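Let us take a friendly walk through a protein model together. Have the sequence and the 3D view ready, and follow along one stop at a time.

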Amino acid sequence: MAGVASSSRQRSKIAPYLMILPALAYLGVFFVVPFFTLLKTSLSTSGGSIYLPTLSFAWKFGNYSHAFSTYQDQIIRTFTYALVATLLCLVLAFPLAYVIAFKAGRYKNLILGLVILPFFVTFLIRTIAWKTILADDGWVVTALGTVGLLPSEGRLLSTSWAVVGGLTYNWIIFMVLPLYVSLEKIDPRLIEASKDLYSSNRRSFTKVILPLSMPGVLAGSLLVFIPASGDFINADYLGSTKTTMIGNVVQKQFLVVKDYPAAAALSMVLMAIILVGVMLYTRALGTEDLV
Amino acid sequence: MASQHDGAIDPLLLSRLGASRASRRRFLGGGAAAAAAAILGPSFLAACGSKNEAGSTSTSSSESAGPATGKLRVSNWPLYMADGWVAAFQKASGLTVDYKEDFNDNEQWFAKNKEPLSRKQDIGADLVVPTQFMAARLMQLGWLNEISDSAVPNKKNLRPDLLNAAVDPGRKFTAPYMTGMVGLAYNKAATGRPIKTVDDLWDPKFAGKVSLLSDTQDGLGLVMLSQGSSIEDPTTEGVQKAVDLIKEQKDKGQIRRFTGNDYGDDLSSGNVAIAQAYSGDVVQLQHDNPDLEFVVPESGGTWFIDTQVIPYTTQNQKAAEAWIDYLYDRANYARLVVGVQYVPVLSDMTDELNKVDPKVGSNPLINPPQATLDKLKSWKAPLSDEQTQEFNSAYAAVTGG
C-alpha cells in the first residue's frame, strides 16, 4: 500500500505511509479480517453436527430479519439503556470536569487521581460490589423505601435502574477524562473577555465554555455510548430476567445455542446501529475535532 | 460466580468473565485457604499434604499403579479437590502430578480444545473432568481412550446406577468423579415456611424472589418432573411445556434471575427466597447462613455427574488409569468427598466417610438417604444432536430474551 514502485526522491512522501504501516497492519489483521469473517458468518447457514458446526455461505439475509424481529425488544432496550447512561454520565461528569479544570487549583492532580482510582479495581468486582450496596435488605433500599422512592418492583437490584446505574458508574471515567481535557484547553482569557463584555456567568457558560468543550462532549459520549451498548456484564449481574441487552443475547447464541450466524447477524446489527447513531450525532454536534 | 468467599476478592472470578453459565462448582471453603488455593493452585494443594494422610490407605493402589511412571497432567474444575489429596496420590503412586484447575466451563473448554483434539494434538492434559453430557459428546466424536478394566480394579466400587448407566455401560470411557443433586434451596428467614414442591416457586408471595438455573438440563429438569414429563426420555412437548410455564412466570415478574452458580449471594442475603441449586453449594452456604435449606422436591430432582475421561491425545494413559483406580479406593475417595462435599460416586461410603468426618457421613446432602435417592432422575445421555439443539434453543429463548 505504500507505493512500492516509488523512486527514492519521493521517500519523504512515503515516510508517513511507512509510519502508519504498523497501525494499518494491526487494523487489517485484528479488525478488517475479523469484520469480514463476521459479515460472512452472519450471511451463512449452519449445518452439520452442533458440536462442530459447519458454516456455509449462502447470502442468507434472513438471519438479519430474524435477528430484528426476534430481538426487537432487546435492541430497543439496549440503546435506551446506553443513551440514558450516556446522558447521566454527561450530567454527572461535566460539573466534575469543570471543577477539576478551573477550580481545583493545586488539588487538580489529586482529584483526577481520585477519579481514576476506583478503575484500578477490575470491572467485574466493581459491578458485583453494587449487588451488596443495592441488596433488598440493604440500607439504601430501606431508606429509599421509607421515603417512597422505590421503583414499582419494590427493589433496586435486578431492575432497569440498577443496570443503567451500573453502566453509568462503570463507564463514567471515559466521559470525565475527555471533558476535562477539552475544558482544560480553554483559554481562561476568553472567559475573562466574555465577562468584560458584561456577560453573565450563565451566558459565558452557554456561549463560551460549552461550545469550546464540545469536542470533549462528543468524544466522551462516544466513548461511553459505544461500550455501554455492547455491555452484558451489568445486565447480567445487576439486571433481572427482563433487562437483557443485546450483549447477553449474543453471548447466549454463541456459547449455548451455538447459532453462530444468528449471533453474528445480531453483532452486525448492533454495529450498524451504533455507526449510524454516531454519524448522526457527530454531524449534529458539527465538530470534526475529537478532543 | 459472585457467590464465592465473603468479601474476599476472588482471582478466579476474572478468568470467568464472559461466561454467564459459570461452573456449577461453588468455590469451597470460606476464607484465606480457598483464596490461597485459588492463587497458588497445585503447589498449594501439594504443600498441604500431611504425612499421616499420605500412604496410610493406599498400599493396594500403589501396587496396581506399578507400571505407571512419569508425569500425569490433570485438568479439573476450580477448588474441586481436597487439601493434600494430590500429594497423597503422588506419594502412593510415585507419579508426579501436574494438577491444573483450568476447567471452568464445559462449553468453553470444548470451544478451546476441539481444534487440537480433532487434529489429535496434545491438549496439555492426560485426564480431564467434564460433565457427563460433554463426556458423552467426546465419546461420540471418538476422542476418548478406553479405560482399561484391569488397570482400574476398584471400578467395582462404583455405584451400580452409575456403573450401568445407559450413557456408557460398564463405564469404559467415562469414570464418574463426583455427583450432585439439583434441587431447591431456600432461605427459611425469607420464605417463612418449609418448601416442598416446585409449585412453591410460583407462589405469588415470592414474586421477584425466585431464581432458576440457566443451564438447559439443570434448569428445565425440575420443572419438567413437576409437570409429569420424563427427562429420561425427554420429548419436545415436555420441554416446551416447561419452557412455556417458565416464560409465563418470567413475564409475570416471578423470576428474578437466571443464574449459573452465582445464586449463592442472592440466596444468603435474602434477595432470593428460593433458588434452583446444586447440593454441594448449599452445604458450603449453610456454613455461613444456617437459615438455608436444600430440598429435593416431591416430584423429583435431577443428578449432575462429572466424569473423568482420558483424551485420546493423552501422554500417559497408565498414570491416568492409576489416578482413577486410586480415587476409586473407598478410603481415598472418602477424603476427597469430605474436601469437596458433593455426593460420592462409590457405593457404601457411609463407614469410610464417618471415619474421616462423622458430620459428613451423616449429612443428607452428601450422603443422601435412600428416600432421597429414589426421587432423583438423570437426563437421557447422550441426547441426539437435534434434541440438544432444540432444547437449548427453546430454553435460551426464555433465559436470554
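Does Ala394(B) count as buried or exposed? Keep in mind as you look that this is a predicted model. A residue is called buried if 20 or more other C-beta atoms lie within 10 Å of its own. Ala394(B) has 20 C-beta neighbours inside 10 Å, so it counts as buried.

Where does this alanine sit? You will find Ala394(B) in helix H19 of chain B. Now look for its partners from elsewhere in the sequence: leaving aside neighbours within four places, Ala394(B) is in contact with Val239(B), Gln240(B) and Val243(B).

In total, 29 residues of chain B are in contact with 30 residues of chain A. On the chain B side, H19(B) gives the largest share, six residues. Other elements that supply at least two residues there include helix H1 (11–15), helix H6 (106–118) and strand S6 (255–259) of chain B. Sorted by class, this side of chain B has nine nonpolar, eleven polar and nine charged residues.

Next, step back and view chain B as a whole. Its domain assignment gives domain 1 (11–179 + 304–366) and domain 2 (181–303 + 377–399). Between them, 25 residues of domain 1 are in contact with 23 residues of domain 2. On the domain 1 side, helix H7 (132–140) and strand S9 (301–309) of chain B are the elements that give two or more residues, and the largest share, five residues, comes from H7(B). That side divides into twelve nonpolar, eight polar and five charged residues.

Finally, let us look inside. In soluble globular proteins, nonpolar side chains tend to be buried together. Here, the largest nonpolar core has 120 residues, and those with the most contacts inside it are Ala185(B), Ile274(B), Trp323(B) and Val337(B). Strand S4 (residues 174–187) of chain B gives this core its largest share, eight residues. Both domain 1 and domain 2 of chain B give residues to the core, so it lies between them. Pick out Trp323(B): apart from neighbours within four places in sequence, Trp323(B) is in contact with Leu72(B), Val74(B), Phe89(B) and Leu127(B). A second, separate core has 58 residues, among them Tyr71(A), Val176(A), Val249(A) and Ala262(A).

Note on methods. Residues are numbered from 1 along each chain as its sequence is written. Chains are lettered from A and ligands numbered from 1 in the order in which they are written. This is a predicted model: local features need pLDDT of at least 70, side-chain atom pairs count only at pLDDT 80 or more; totals for chains, interfaces and linings use all residues. A nonpolar core is a set of buried Ala, Val, Leu, Ile, Met, Phe, Trp, Tyr and Cys residues joined through C-beta atoms within 7 Å. A residue is buried if 20 or more other C-beta atoms lie within 10 Å of its own, exposed if 12 or fewer, and partly exposed in between; C-beta atoms are placed from the backbone. Helices (H or I, at least four residues) and strands (E, at least two) are DSSP runs, numbered from the N terminus. Domain bounds come from an automatic or database domain assignment. Two residues are in contact if their C-beta atoms, placed from the backbone, lie within 7 Å. Ala, Val, Leu, Ile, Met, Phe, Trp, Tyr, Cys and Pro count as nonpolar, Asp, Glu, Lys and Arg as charged, and the others, Gly among them, as polar.
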